[in-house]
Amino acid sequence: MMVLLLVNAPLYAQQRDSLRAGVGGTGITGQPPIATMDATQLPVPPLSPRRAFLTSLAFPGYAQARFDRPTATALFVAVEAASVLMLRKSLDDLRLAKRLGRDSLPARFDIDPATGLPRLDEKGAPVVLEWLPPAYSEEIVRARRTHLEDWIAVLIFNHFIAGADAFVSAHLWDVPAAVSIGAAPNGRGASISASLRW
C-alpha cells in the first residue's frame, strides 16, 4: 500500500521541458521562454545571392539597382558604357592602322627633262624613284592592338566586379551602414569611417 502512495505522489523536483511547454510555458528560472522568429518571417532580399551575381555578371548595375544602390548602379553602368565606346574606337583605330600600314606614298618620280612630266612604265603608271615609309608602322599597329586588349580587360573586369559586389550586397542588403570620408585628425590625409547598426 505504501508503494502505491509513493507512485501517485507528485514529484516536485521534476519540471516540464521548456521546449515542450511552448511559448506560454515557463522555463527553469520561472520566466517565459524567449520567442523565436520563424524562418518565414525573416526579411528576404529582392534577389538571391546566386541570381544577383549572375544578373550583374551579365548586366553590370542591374542587381545594384534592385538593391536600391543608385551610386553603385551609376558607377558600373558608366564604366560599362565608357568601356564599350572606347572598345569600339580602339577597334576602328586598329583597323585603320592595319589598312594604312601597307600603304606608302611616292616621294620622287622619274621626270623626263624634255617634257617635265613623269615617265610612264609599260602599264602607263608613273615611274617612282623613291617611296615614303608607311604612315602607320608595325609599332603603331602593335600599340593599337594593346589598347584594344586593355579595354577588353576593363570590360571583363567590370562585369566580374559588378557580379561580386551584387553577391555581397545580397547577403548584406538589410544591414544599415553609413560610410563617411573626411580629413584625418592630424590634418594630413583623409580618413574613411564606416558605422554599422546591429
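**Entry 1**

I began with Ile-156, which sits in helix α6. I keep in mind that this is a predicted model. I then looked for a nonpolar patch on the surface. Ile-156 forms one with Ile-152 and Phe-160. Together the three have about 280 Å² of accessible area.

**Entry 2: Ser-169**

I stayed in α6, which covers residues 138-172, and moved to Ser-169. Ser-169 has a relative accessible area of 11%. The cut-off for buried is under 20%, so Ser-169 counts as buried. Which residues does Ser-169 touch, leaving aside neighbours within four places in sequence? I found Phe-67 and Arg-69.

**Entry 3: Salt bridges**

How many salt bridges are there? The count comes to three.

I took Asp-165 and Arg-69 to start. Their side chains meet in a salt bridge, at 2.6 Å from N to O. Asp-165 belongs to helix α6, while Arg-69 belongs to the loop between α4 and α5, so this pair ties together parts that lie 96 residues apart in sequence. Asp-165 is partly exposed, at 22% relative accessible area. Arg-69 is partly exposed as well, with a relative accessibility of 28%.

Next I checked Lys-89 and Asp-93. In this salt bridge the closest N and O atoms are 3.0 Å apart. Both residues are in helix α5, and they are four residues apart, so about one helical turn separates them. Lys-89 is partly exposed at 46% relative accessibility. Asp-93 is partly exposed at 23%.

Then I turned to Arg-142 and Glu-139. Their closest N and O atoms are 3.8 Å apart, and they form a salt bridge. Both lie in helix α6, three residues apart, which is about one turn of the helix. Arg-142 has a relative accessible area of 43% and is partly exposed. Glu-139 is partly exposed too, at 48%.

**Entry 4: Helix α5**

I went on to α5 itself. What distance does α5 reach from its first C-alpha to its last? I noted 45 Å for its 31 residues. That is close to the 45 Å expected at 1.5 Å a residue.

Which residues of α5 are buried? My list has Ala-72, Thr-73, Phe-76, Glu-80, Ser-83, Ser-90, Leu-94 and Ala-97. Their cover includes α4, residues 62-66, and α6.

Ala-78 has a relative accessible area of 45%, so I put it down as partly exposed. Ala-78 is 17 residues from Gly-61 in sequence. In space, the two are 9.4 Å apart, C-alpha to C-alpha.

**Entry 5: Helix α3**

My last stop was α3, residues 49-58. Ala-52, Thr-55 and Ser-56 are buried there. Why do I place these three on the same side of α3? They cover an arc of only 95° around the axis, so they share one side of the helix. What covers the buried residues of α3? The cover includes α4 and α6. I had listed α4 and α6 among the cover for the buried residues of α5 too.

Conventions:
Residues are numbered from 1 along each chain as its sequence is written. This is a predicted model: local features need pLDDT of at least 70, side-chain atom pairs count only at pLDDT 80 or more; totals for chains, interfaces and linings use all residues. Side-chain values use heavy atoms; hydrogens and water are left out. Helices (H or I, at least four residues) and strands (E, at least two) are DSSP runs, numbered from the N terminus. Buried means under 20% relative accessible area, exposed over 50%, partly exposed in between (1.4 Å probe, protein chains only). Contact means heavy atoms within 4.5 Å. The expected span of a helix is 1.5 Å times one less than its number of residues. Patches are made of residues with over 30% relative accessible area and no salt bridge: like charges are joined within 9 Å, nonpolar side chains (Val, Leu, Ile, Met, Phe, Trp, Tyr) within 5 Å. Accessible areas come from the Shrake-Rupley method with a 1.4 Å probe; for residues, only the protein chains shown count as cover. A salt bridge is a side-chain nitrogen of Lys or Arg within 4 Å of a carboxyl oxygen of Asp or Glu. The arc is that of the directions from the helix axis to the C-beta atoms.
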